[in-house]
Each structure stands twice: as structure tokens, then as C-alpha cells.
Amino acid sequence: MISLTHFLFVSACLFCIGLYAIIAKRNSIMILIGIEFIINAAILNLVAFGRYDKINYSGQIFALFAIVLAAAAVAVGLAIILNVYRKYKTINPENITDLRD
Amino acid sequence: MELAIFYAFAALVIGSALLVVSLKNTARSLFLFFIVLFGMAGLFIFALADFVAITQIMVYVGGVLILMIFAFMLSNKELLADLQNTSSKFLSIPNWQSLLLSIGFLAVMSYGIIEWHDNFPQWITENIRQGNIIKSSDNNINQLGIKFMTQYLLPFEVISIFLLAALIGAAHLSRKEDPK
Amino acid sequence: MSDLLNISPIIGSMLVVLLPFLAFLIQAILGKRSQSGNIALVSIILSTIFSLIFVFAEVWKQEPISANVSWFTIGTHTFTLGILLNNLTVLMQLIVCIIALPVHIYSKSYMKGDPGIHRYWMYLSLFCFAMLGLTISSNLLMMYIFWELVGFASYLLIGFWFTKESAVQANKKAFIINRIGDLGFLLGIASVYSMYGSLNLVELFGKDGLFYSLPASSDGWLTFTGICFFIGAMAKSAQFPLHVWLPDAMEGPTAVSSLIHAATMVAAGVFLLSTVFPLFNQTVLLTIAIIGCITALISAYFAISQTDIKKILAFSTISQLGFMVVAVGVGAWDAAMFHLATHAFFKCLLFLSAGAIIHEMAHLKEANKLDIDPQDINNMGGLKKWMPKTFILMSIASLALAGFPLTSGFLSKDAILISAFEWAAQLNGLYFLIPITLTLVSILTAFYIGRLIFKVFFGELKIKVERIHLHEANLSMLGPMIFLGICSIFLVFSWNPIAYHHSFILTGFSITYPFAEIHSLHIILPIILTISSAIAWVIGWNWYVKGKYPLNSGNKLLDISMNQGYINEFYNKIFVKSTLNLSKGLYWFDQNIVDGFVNFLATIVRNLAHFSAWIDRYIVDGLVNTIAGTAYYIGHLLRWVQNGRLQNYLGFAFTVVLIGIIYLIIK
Amino acid sequence: MGALSLLIFLPMIAVIGILLLPNRMGHSFKYLALLATVLQFGLAGYLYINFNGSAGAFSEVSTYQYVEQLPWIRLDLGSLGKLEVDYFLGVDGFSLPLLLLSAFVMLMAVGASWNIEKSKKGYFALLMLLNTAVMGIFCALDFFLFYVFYEVMLLPLYFLIGIWGGARREYAAIKFFIYTLFGSVFMLLVIVGLYFSVQNPNTGAHTFNMLYMMNPENYVPGSFFDFLGNANEIFGIPARMIGFIVLFVAFAIKIPIVPLHTWLPDAHVEAPTPVSIILAGILLKIGGYGVIRICLGIFPDAAADANWWLGLIGVVSIIYGALNALAQTDLKRLIAYSSVSHMGFVLLGISSLTAEGISGAMFQMLSHGFLSAALFFLVGVVYDRVHDRYIYNFRGLASIMPKYTAYVAIAFFASLGLPGFSAFIGEAFVIIGTFNAESMNTGIPRWMAIFGSLGILLSAAYFLWTLQRMFFGTTRLKGGEEWVKELKDVNIREQIILFPTLALALLLGIMPSLVFGVLNNSVLSLLDLVTPYL
Amino acid sequence: MNEFVFQVSDSIDHIIRSIPLFKVEFALSFGFLSSIVCTLIFDKYWKHSSFFVTILSIICAFLILMTQHDQSNFGFYNMLIVDKTSFFARAFISIGLLISAIFLQQHFANKEFKKRKGDLYSILLAAGIGLNLFSMTTHWLMAFIAIEMVSICSYIMVGYFSENKKQAEAAMKYALFGSACSAVMLYGLSLIYGFTGDLNFASPKHIQGLIAAPEVMVSIAILFVFTGIGFKLSFVPFHLWAPDVYEGAPTPVTAFLSTVPKIAAIVLLSRLASAWISTPFYFSELTFMFISFVSIVTMLAGNLIALRQTDIKRMMAYSSIGHTGFLMMAIIAYSNGQQNILFFYVLVYTLMNFASFAFIDVLEQKLGSTQLSSYTGLGKKMPIIFTCFSIIGISLIGLPPTAGFIGKLFVFSSIFEIYQYGGDQIFLWLLIVGALTSVISLFYYFKIPLFAFLRNNKEENIENINPALSPMLVIGVILTILVVLIGIFPSGVFGVISN
């Protein structure tokens, strides 16, 4: 049996990598990928904890819902990014700064 | 043995994830992302969540990743040129601020996990004691099905509406406005 | 008819006060339609009659009468309006009436044809109202009100020719300096009120008044109170160093100067001091005496070197007021009142005569289109020839001023001097400086007034013109002058030309002095004074009429020194010259240092004002604007985060989260 | 509907009328406004005459007259207790004279607005709205109601200054608003605190009733602003003192005191003449009224402790305002700063905590109300004609505008405290009261009176200087002959406004009992409230 | 298998019993589906059919909601709570949805699009369902689904037309920022699940778990969770998206975004706070500190940055950030038992915000600009709209006699009461900052009358603008009147909220 700490550590690493992708990558799609990393990290946590929750199955159920929600969010997000690409001809968030103070 | 395989999967996930974020070429990153997701599915199995792992592969690999590649191709006409580009700059230079931030997060979270290490929550120990934990012999799919239709019926139904709305919305969003 | 005439003194004195007010109102309403001044004249005639018959005659040497009506109530104190009639007040009221009447008559022809004459009469009535009200007020608050109103009327009259820059400067100065005094008065009132809880003169100083029955409050505050009242009196009575306004006030019409700035208003200070006399303790009295003495001395010196006829008289007034103040200071306030009364007449007369002369000189100037100052005595001379009556009247007044026997001035001045000597004898030592100085001043007085007379009336007219049509003033001007001339003679005040004790004013007050009477002084001092005055005149005669002026340059000086001999030379060189230089020097001092100090104060205040305006604009308001600006700038700084870059937003947000976590860990 | 309600809402009727009338009937607006203010003045006068100032405790309803009390807001806030807000009106000797003054000044302001051309509808509607708010402030006996009127007052003023004002009107308007709001927002916090500390003895509910707040017995033991044995502190300052300070600052901004006065010159200078009149005539009085009614009434203990500082601020304001006035070259600014100086007397008088001082302060407020209104009106007269107020640009106006000069001179002399005019009584009694304070042991030293009296001297200096500089001497104007043509003497309308004002100043100066008669009992009851804490 | 049979029938009974609790949302769901059908089929015949169906379903939902008055029930295994809080929250949400729908209809009525407008209403209804669930739950799973639902529907609404670059950019920023925040929240939730093994944050087990968990991990988890809630509420430091999105989005969508989701999010946060703050443990202290501190910072930041804005929509974004800070003060009141104060403030905020956006939209359609400077000198041309707009501004500042003042007074009162008996300094700072920011907010809210009334327009083109009566304007005016009426007579409304 793999201890919880292992799972937690892997998920923490994945979370941080995702965070890095979100902040550092100059590409909107990479930001989405970063978000997916974080969601996956969370799902990993959930299933790892969910192993000890046989009564409610909350962990796994939450994980499944999270996957579905993430997928929907990605679909909408990608559609929006495509819209942006049509207007700006770029998906680099650095260059999409018409709205600012 | 189990642990070794776990480490292998973990290394695969973290390694390819690191490559995903450090590669300069987005197309390559996308393909590496595929590996990350597979690796994650493997890890899920270690947590005895086989159904989740399968869903992961079906939804992510089958849906999300394909969507992303399509989107990427639609938004990047130089894709092929990009793929052929084997310049010396294979990796992108890390952005130090974000690196610092990520490492900072990693540090505090590791600190937290290590601190937590010996002291797992009461509910887990209680469940272990009572044997209320998922065993590899359990039929997860069966259990999940019952839970979805009873205890989690409401979110299950709500999410259908949600998916419909997201579908319509995504369709509308990505529809090109026809020239008048 | 008898009922009609049976007016009680209270009603009578009210009428005396209110008639000029009525006149003021009528003239204010009529405006330009009332040019003649008859209304004012009638009112002052009636006032004089009432004052004499129904008030003075009834009250003099009788028990004081007072009547009060409640005015308003604050807290538990009720403030009243009321009339207090006692010897002091009715005398003062009568003097004011009697002086005001001739001045009114005189003004009728003196001011004829002035475009603003309607205002003149209005203001004059206002002044009479205020001054008469001041005299009979039964409480200090009311007195203060009239006190300020008098100042206001004086302001209006000094600035009567408001298009003249010097006149408006002068009236501003007069009012502001009087304000300083008013503040003193006000604080004095506040102090009395806080110590005794009443402002009513009868309640305070009457028999068994609060002043005597309440335990004496701290000596310090009593001194403070006394000084406050004295400051009030100083400003009004032009005592050093607040005297600077009075010479400038001569910018007003001469008739006004004679009434307000010679006879009545300036004497109000002395009147005030007499009224609140019980309040003064030894410290205050000594201060009063010293200030009075200084004033008397220096203004007499100033008078010596003046060339403007009205300025000489103004300084003379200040000097005489100094005498009165000294009298109050030594405790002989009855003598002060006596001198006030006599001085009022002869000084008024002097001014009116001067007015007549200026009037003529101004005609001369206009007729010949000369560019001269009609008030400069250096331009006059030999006027005796054309204006003999004026000459005689002015001489009488001058003799009275100098304290020559048989005049009223002799009596009152002696009263003060002798009291001062007796006072000094009581205390000994340095206190003798005061009476000795006064004696000196008395001699100087004789000298400068002699100089004035000699320069104006004797010798030859200094300006050379073809047609000299100078003539006597007309009857409506001369009449009042004659009346005043008569009043300057001893008989009006006492049947005995030598002994001032018999004058009816002093017998009326009959106060007891705290010092012993020294009989020998009563004989010796008048003689010394008279003789020394006479000597002063002789010198003056020699200098100014005979033209043997010792200080002229060139060979004339040699002649004089040959004629006069060694003693004369010594006298001239050492005494006279130094005196005159002293006079000039002191005048310079006065003009540049004392007045300069006042101006300097004004400058300081003005600079302070500019400084505080600067502070207000740049520091106080600036601070407020800075705070607002800072808020604005912080907003601007915070906006920096909002640079439109999505990843910066996310980075910022998560950095804050990280910082939060780290804070929570290391907390 | 009671008399006071009528007084407050009469102008609202005018507002509705003005808003309903179409724009083309623009000429009728001013008549409507005039009608409302005349009726209001008549009513206020009627109330004034029929008032009988009976003595009683400051915190008793029976001391107040024309009382109207209707339940307004009744909420059950659970653990916050029951919220009780009443529509509670009443007047005593402090508010009634100010009410009459307000009605009068409003009348003047309407008169001064006769020639307004720019969007009359909005102007008169806002003016009348302001009128309502001002009346409400003086009548309200419920703190909530007071606060509502207090804030509502700001809005019309903002627009009146901002739309009809001079060149820097935007700055002046917002500055005025911000200053006042700054004070009042924190006042709101104190109101909330008081609300929790005070209970209606009859119902046990928390209340905003000011009268209950004045009675120590109604305080909940242990509550934040509890009267006795209160150990609450904020930043090391006792809670009741903090409450007092906050309320004082809120009203002090209105008075205004140095250094919170800088809105005043700007607002006055930029405001149109009628608004300047209202600002000087009424608005500043709200500050003084607030200090008396609320700071002293509700926090007598703190007031008794703090009055030394109040007095000091008063003295500083007097001298500082006067010095600043002396340095001004803009006539309107000069008068604005003179207001700072004159209102300093109000504060000094109040802080003396003597009957003389407080009466003097009230009298000074009334007198300043008439006189500063008249002064601003007079400035407006010249400004209307040549659109210039710079003192150095005028000289010798007396020759071409004799009547105007006469009015100015009277107003100036009345303002500088010439006896016979109302300002004298006010200032003299403030000085006397302050001087007397040491005898009464209220903690105000006598030197404050002495320094305060310097203000009287300085006021003479700046007024006389202006008089000499602008009006006397030979006529010399910046605009030359053109100005001489423009500068016509005061016309009938202006005289109709000016004459009663100055006459009133004179009348009050001669018969102060007209005010003191109404005022006196209230002053005594206030002192009864405060003196036990000295 | 058999072991579940008994359970299953039991569960089904429970679910059937729970269904009535869901009827409001059921009505909305029905509307959602009908609206899709209408868009597909009936819009060709009557172009307002989907709008009509939407309105109808919202009204039906509202009416059904009224029957739940006074109910207090749990259902669906404690995933749904019908109580006073959710009743009022859903009532306000319904009102918000209704007004938003009308705004959308009006805004796009005069524009021609190739895209069908009808589906926008479907999305709005879907968002409405999410919002309702948001406000009805104490279950993290349900809450997360609701948040995602609302978020994704919002992204779609912002980017639906993508008429111009700005709208597309706004949608992208919104979607990416939102997804990132909810992902982080999910991570936090996963940790919290680990601590407690229970997803119902009000349950004793959950709280027990949090008490036992180590401080560091709890801090991380709670801050991550607040990241997601913070995004919805747009408090500092998660406010950064708001100005950009509010400016870029179509005005009716901005109106919707700045109001309705906040109601739901504030309700969730309130439930969380009241469940957690009352316990004397580390995490409750943390939650409380967090709310107070963030409230102060948010009020300051929102109001200070707003000072410099020139675009009215952007300014309103900062204003709404500032109001979020104030709402968080009201949360403290809520957790102290004064729920009605929160409701009142939320209601007032809803009214004010919709009114102001109604005016902004009307003006935008007339002037084609949302720049404040384009309002220069229009006060005389359009007196009604600018008078009402100014009154709303006054209410937003919190000056009497408006509802905003009463709301502020209540919040101050309740905070003061806590301060009086608790004595914590932070409450004092809350009060001071709350008061101070009211003063600061005066500056920028008064820019509206400043430009409209105080400045004169020198250009000629304002002659062309003729003020016409539009339904939006009518709504705006009605809301303004309501705001003033509630300000003068709060008793009625407050009485309804309290009982």
C-alpha cells in the first residue's frame, strides 16, 4: 500500500508545475494545460483520500465530477481562446492587453 | 515492488510535466501532456480508483487533449514549421519570478505534508480500524453507480444541465460569425 | 405750565441725551434735505437748557439719583439700562452741553457751503448723543457702549472729508488705537464682572457697594483691572504711548477738533478714571501718575517745535490731559475734573480761534491762489491788526492755559500742582520728580502758547501778497468765542481768584485726600509759576516778536549775543538750544519711534497676516490637498498591478496567497 | 401636521411645484420660492413670539415646545435590540432663534437670487430642498433624523456651488462636500455607538432619541458610551472622550475651526452670492448648534474635561482667522476669513461653560448670521456690476455709490462689534463669559479672554483698512469710466434686502432681550447639565 | 449487492421526499430546456419566444419560491438546504435574473447578429440554477459544481457575441483567471476532504477534522478554498479580473456579473463563516482574520483605485470591489446572528447596482460610449436619467436619505455591537476604514454629476441626443425610487426580511 504522503507529494509537485505553467507560459493553451495539471493534482488527492472512504465514496465521486467539470471548462475555454485568436491573431496573453488601467 | 512501480509512474508524471512546461515547442508539450495524463491514470489505479482512471483516459485523452490539439492547430498556422524546428533552444528559459513562486509553493506544501506525515486524520485511522476502506477486490463501478443514483443524484442531474449549457455555449462561442 | 416744567432730573437727563439722538435720526432720514443744521442746533440748545435747569440745578450737591430698567437677562444676572445722576455725572453732562452749544453755532458759519454738510450735522448730533449718554450711564456696560459710539462718531468726523487720503488714514488710525483702549475697557468690565458679579456703578461703588462689602479679591487681578481701565482711558485721553492718533485727528474740521479732540471726548478718559477711581490700588495709581507725567512732559516739548497751529494745540491738549491724569494718579480726581472743566472752555476757545484764523488764511490763500498751508504759523504774523477781537479772546485762553492768575486755568492748574506736591511730600524721595516735572511742563506751556500768540498775532505777515483782505470772523463764529472767553475767567468757577478751594466744583465733590495739606505751597507755588511763566513770555516775546531769535544763523546771532551778554549766551547755548533740540529730538522720537513703533506693530501684524495667509494656503490647505493627493496617488500605485496582463494578475494573486501562507506558518 | 413639520416641509411643497411647472414658466419659480420662504418666515416668527421659555431639564421633553413625535422606523434587529427611530421634532431656546434666523436668511437668499438666469428650475428646487434640510436640522430631536437632514443638506449645496459657482467651482464644491462628509461619517459611527449605549426607559429598546442620550440614567450599564465608571478606551483615550472628539470634529468642520477651515474660503469665494449668504448665515451656525446641542448635551462630562482645548481652538481661530483676513485682497475671501474669526468667538463662548459665554456665543451666531449674510450680499452687489472683487481694483467708491458705501460701512462697523449692533453683544459677552470662567472654575483661563479680545482689535483693522482702501479717497477704478457707468448705486430690491437685515442687527443690538428672553432658560438648563461634571 | 438493497430503497424514499425542495430549480430547468427548444423552433415565428419563456420560468420559479417561505428543510443528503438564508438569496437572485434578462433583451434588441440570441437566455437560466444551488448548499461538492456552473455560464455570456476585441479579451481573461482559481480551490477542497473525510462544511465531523488537522496544511487548504470564493466575490487579491471583464463585457452582462453571482457567493461565504467562526479553534480564527483583513484591504483598494478611472463601467467595477469589502463586513454581522442585515445590504446593493447599470446601458446606447467624459454637460438634456443616476451614486456612497445609508448604518451597527462586547481592535479598524472609504468613494461617484451637471459641453453634437423613454430607463427610475423609498421607510422591507 502506498502511503498517503507519497500521493500528496506527487500532487504537490504537479500542482506547482501547473502553477508555473499558468504564470510563466506565454501561450493561452499552455495556461489551460497548467490548470489541468492543478485539477489532476487535486483529483489525485481526492482519490488517494477517497480510498479510506468506503461509506460515501466522496473522493472518487468528487474526482469524477471534477474531471467532467474540467472537461467542460476546457471546451468553453478553448472556444473562447479561438475567438480571441480570431480577433488578435495571437494567443499570447502578454499581447492581449487592450483592457487595462 | 508496488512502491517501485509507483515511483516509476510518479517520476514519469513529474518528469514529463516538467518537460511540458519547459519545452519551447507547444506542439511537443501537448504530446507530452498526453503522457502526463496517462501517468496520472496509472497513479489513480494505485489509489484503487480504477473507474476514475478509465474516465481520466476517456475524457482527458479522448476529449480534452484532442480538443486542445485542434485548438492549437486552428490558432497556430505555423504548427508544421514549429514541429520541424529543431533549433538549439529546445527548452525555454524559465521565468524566474514564476519559478520562485512555484518553488515557494512547493516548499510550503512539502513542509505542510512533512509536518502532517505522522499524524493522519482521525477519520482515516477510524475507517482503517473499522475496515471501511476500499480494497483492491472491491467492485468500484458497482458502488459508484449506486452512489450516483442515490446519494449523489442531485449533482449528477445538475451536471447534466451544466453540460448541456456548456455544450451550447461552446458551440456558440466557436461559431464563426458569418459574413453578412 | 408748572406741570410741564416739573420735569424730574431723570426724565430731564434722558431728554438731554435723547434730543440729539432724535436730531440724528431726523437728519439721517432727511439726508441731503437738511443742510442748515437747525435741527441739531435746536436739539443741543434744548439739551443745554434741560441739563442746566432740570438736571444740574436739581442734583448738584444733592444726593445721587439713579434709575434703572432691566435690559436683558443672562443666566441669573440681569443687565440694566439706567441713569446715574451725581455730582460727577451732571457736571460732565453740563460741560459737554455747554461746550457743544457754541461749537454748533460756530459750525453753522464755519462749515457753510461744504457739500457734505448734512452728514456733518448728523455726525455731530450722533456725537452729542453718545457723549451725553456716556456721562450719565449708570453701569459700565452702558458706558462702554457710549464710549465706543463716541469713538465711532469721532471716526466719522475725522474722516469727514473722506476723499482726502490723510483724513481717512487718520480716522482709521484713531479708531484702531481707540480700539486698543476699548479692549482694555472691555477686559476691565469683564474683570469687574467676574470679581463682583455686577456692573452697576451704584451697586459697585455706592454706599455699601459690592466693592466695599465683598472681600477684596487678589491684588494681582485688582491691579490688572485697574490697568485695563487705565488703558481704556489712555487711548481715549491720548496718553503716552497711545497718543499718536490725536495729532493726526486734526485732519477733521476745526470745529470738530475743538469739540471732540480738545474739550469733551478726550476728556472722557479722565471722566472714566474718576468714575472707577475706587478700583485703583497704589500700583495702578502710581502707574497712572507716571504715564500722565510723561505724557504731559513730552507733548509739551513737542508743542514747542510745531509749526502747524492745530498740531500745537493738539499737543497742548495731550499735555493738559496728562495733567489731569496725574491728578487722578495722585488721588485728586476732583482736581482732575476741575481742570477738565476749565480746560474744556479755554481749549475749545483756542481751537475755535485757530479755526477762525485758518478760515481767514484759507480765504487769503484762495484769493491769491497761493500754494501755502493755511495752518502753518510761519506764514502768519501780525494778525492782531486785522483780527483784534480774536486776538484778545485767544490771549485770554492762552493765559488760562498758562495758568495766569485771574483765569480759570490758574485755579485748576494750581489745584493739581499743589495736590501733586502734597502727595509727593507724603511719600518723599523720587516721588517729587512728578510735581517738579509738572512745574516744568507748566512753564513750557506758557512758553509754547506764548510762541503761538507771538508768531501769529505780532510782527508782520510773513507771506507777501498784494491784497490782504483779512478780517474778523462773523458774529456767529465770534459769538461762541466770546462766550467761551468769558467762561475762561475765574469768576465762572470761583469767586476767589486766588484760592482754588473755593471753586464750586471742588466744594461740590468735597473729597478727602489721603495726604496732608501744606499751606505754604498754596502761596509759594502760584507765585513761582506765574513769575516763571512771565519770564517765559518775555523770552518768547524777544525771540519771536522782536525777531531776536537766538538760533538764526549768521550775524544776527552775533548781534543777539552782543545784546544779551554772557548769561544770555550761556542760557541760549546751554538751556534754550538744548531744550529746543530736545523738543525736536523728542518729536522726532515721537514721530519715528513711538508712532513708528505703532506703525511697526502694524507692519508686524500685516506681515504676520501675510505669513499666516501663506501658512493657510500652503501648509494648512496644502496638507489637506496633500492628503487628497496621496490618496489619489496610492490609487495610482495600486493601478500598476492592473496592467492588463492576465498572467501578472494570476502571479500577483498567487504571490499574495503564498505570502499569506508563509505569514501563517511563521506567525 | 404640526407647526414644525409645516415649517420644514413648506419648501418641499415649493420644490414639487417648481418641478411640476414647465420650464417656460421660469419666471414663476422665484415667486414660488419667495412665497414659500415668506410663509416660512411668518410661521417661524409666529412660533418665536408664542414661545415661552420655561425652565426645565435639558433632557426633558417638557422643556421643548411644539414637540411632534411620531414613530418612524421600528425594526427588530434581533440581538441588536429594537431599533427605534422617531420623527421627533421640538425646539427650545437654542434652536428657535436659529430657526428664525434660517428663515430670514433664506428669504434674503431668495431675494439675492432674483437675477439668476442659469437653469432656474434646478436652482430654485435645490434652494428649497436645502431650506427643508436646514430647518430639519434645527428642529430634529432624534439623532437619526438629525443626521439624515444633516447629510441631505450637503447635496443641494454641492450642486448649488458646483453648477452656479465661479471659476474653481468644482474644486470648491467637492472640497466642501468631502470635508463635511469626513466629519459626518465618523459622526455616524458615534451615533451607532450611542444607539447601543442608550435605552428608551419606557420600552427598553435602543433609541436614537437625543433627549434620552442626554440623561445618564438611560445608559446601559457597561455599554460603550456608558456614563459612569466607563473604562472603555480607544487608542488609550476614554471612549466618551473619543465620542465627544469625533462629534466635535464633525461640527467643528462646519463652524469652522482652524485648521479645518480651508473649505470655507474656497466655498465662499466660488459660490454664487445667495449660496454664500446661506453658507455664512446658516451653515456655519449648524456647527455651533451641533456643538451646543449634541457635543455638550450628550457628552457633558467629556465637554467639561475638554473645554480648555475647545477654548484654545476658539482663540486660535479668532486670531488666525483675523490675521488671514488682514492679508486678503479678494473682498469675498476677506469676509470668509472674518467668518472664521467671528465663529471662533462662538467656540470660545461655548467652551467657557458660563451662562454669559454660551449666551454670548448664541448671540454671536445670530448676529453673524445676519451680518455675514449682509456682507456677502454687499460683495455680490459690486460683483454683479463689474465682476471683480479685488480690493485693489477699487478706490473711492463712496463718491459714486454713496448709499452702497453707507450700507457697507454700517455692515462693517456692525461686524467689527460696534455697540448698538448685535455683534457687540455677542462678542462682549463671550469675552465677559470667558473671563468669568475662572471665577466659576470651568477651567478656562483668563488669558484666553485677553487673547480672544485681540480678535476684536484685528477685526477693526481689516474692516477699516478695506473701508479706507476701497471706498474712501479719490475715485480710481481699474475699469476706468466703463466701471463708473456700471457701478450704479444700490437699487430698490437690494435695499429691500439690506435694510431689514441691518435694521435687525441694530434692533438686536439695542434690544438683546428679544433673543435672551427666549434663550436664557435653555442656557441655564444646559449649564445644569454640564456643570456637575466640572 | 444485497447489502445495498435496503439502503437503496431508503435512499429513494429520501430523494422523493427531497424533490419538493428542488421545485424552484426544477422550474428553472424546465425553462432552460423550453428555452432551448424555443430557440431552435419558435424563434423563427416569434423572435421573442425564448425571452418570453425565460421570463415566464423566472417568474414561475419566483412564485414557487414564495411557497417555500418559512420552510426549513434539508434534502438530498444534506446537499440542499431550504432556510431563510436560501429563501432570500434565491428571491434576490430571481429578481436579479429577471432584470438581467430584460437588460439583455433590451441591449441586443436593436442589434443584428447572425448568432441566435435566444440561447443566451438558456445560458442565463443555467447560471440561475447554479446560483440557486450555490446559495442552498453547505456541501463542498455541490458548491463546487455550482461555482463551476455559474463561472462557465458567465464565461459564455461574456464571450457570447464577441462583437469586438474587448469582449473576446474579457472573456478570455475571465475564463482563464476563473478556471485557474477554481482549480486551486479544487486542490484546497481535496486537502480539506483529506482532513475531514466529509464534504459538508457545516457538519460536526468536518469541523472535528479541521480541529485535528495540522495548522500549516489547514492554512494552505483554507487559503486555496478562499481563492475560488474570492474569485467569485472579486475581493483583493482576486479582484484583478473584475475591472477588465466588467469593462469589456456587454453592459447587461456586466450588470449581471457584478451583482447576482455575488449574492450567491456571499451567501456561501456567510454559511461558511457562521459554521466556522463560532468555534474557538485555529481555523475559525483564521477564517475570521481572513474575512476582516480582506474586507479592509478590499474596501481600500477598490475605492482608491476607482479614484482614477475614466470609464464608468470600470469605475463601477472598482466600486463593486469596494462594496464587496463592505459585504464582507456584513458577513461578520451574519455570522454573529444578524442575518437580516446581510440580506438587507445585499438587496440594497442589488437594487443600486442594477439601477446604475441600467443608466449606463441607456447612456451607452445613446452616446455609444462609456467614458465619463462623454457625459459632459448632458445633465440638462437628460435631467431624469442623471438625477436618478446621481441619487444612485449617493446611495452607493451611503448617504441619507437612501437605502444605501440604511444598509451601511445597519452594518456599522452590528460591527459596533460586536466591538462593544468583543473589543477586538480589528473591528474598530473595520469601522474606521468603512467610514473612510465612504468619504473616498464620494470623489468618484460624484464624477457622474460632476460631468453631467457641473461641466458644460462645448461640442455641438449633444443636440442630436434626444432622451426617449426606454424600458431600461423605466426600470432604472423605478429602482431609484425604490432605493429612496427604502431609505426613508426601511421598516417595511426590513420587516419582510426579518420575518
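In what order do the three strands of the open sheet in chain D run, and with what pairing? The order is β1-β2-β3, and the pairing is mixed; strands here are DSSP runs of E with at least two residues, helices are runs of H or I with at least four residues, and both are numbered from the N terminus. Two strands count as paired if DSSP finds at least two bridges between them. This is a predicted model, in which local features need pLDDT of at least 70, side-chain atom pairs count only at pLDDT 80 or more, and totals for chains, interfaces and linings use all residues. Residues are numbered from 1 along each chain as its sequence is written, while chains are lettered from A and ligands numbered from 1 in the order in which they are written.

Because β1 (65-76) and β3 (206-207) of chain D stand at the edges with a single partner strand each, one side of each has no neighbour in the sheet. Strand β2 (82-91) of chain D runs parallel to β3(D), joined to it by two bridges. Leu83(D) has His206(D) of β3(D) as its bridge partner.

Turning to chains A and B, their contact (C-beta atoms, placed from the backbone, within 7 Å) draws 66 residues from chain B and 58 residues from chain A. On the side of chain B that touches chain A, α3(B) gives the largest share, 13 residues. That side of chain B consists of 47 nonpolar residues, 17 polar and two charged, where Ala, Val, Leu, Ile, Met, Phe, Trp, Tyr, Cys and Pro count as nonpolar, Asp, Glu, Lys and Arg as charged, and the others, Gly among them, as polar.

Definitions and conventions:
Contact = placed C-beta atoms within 7 Å.
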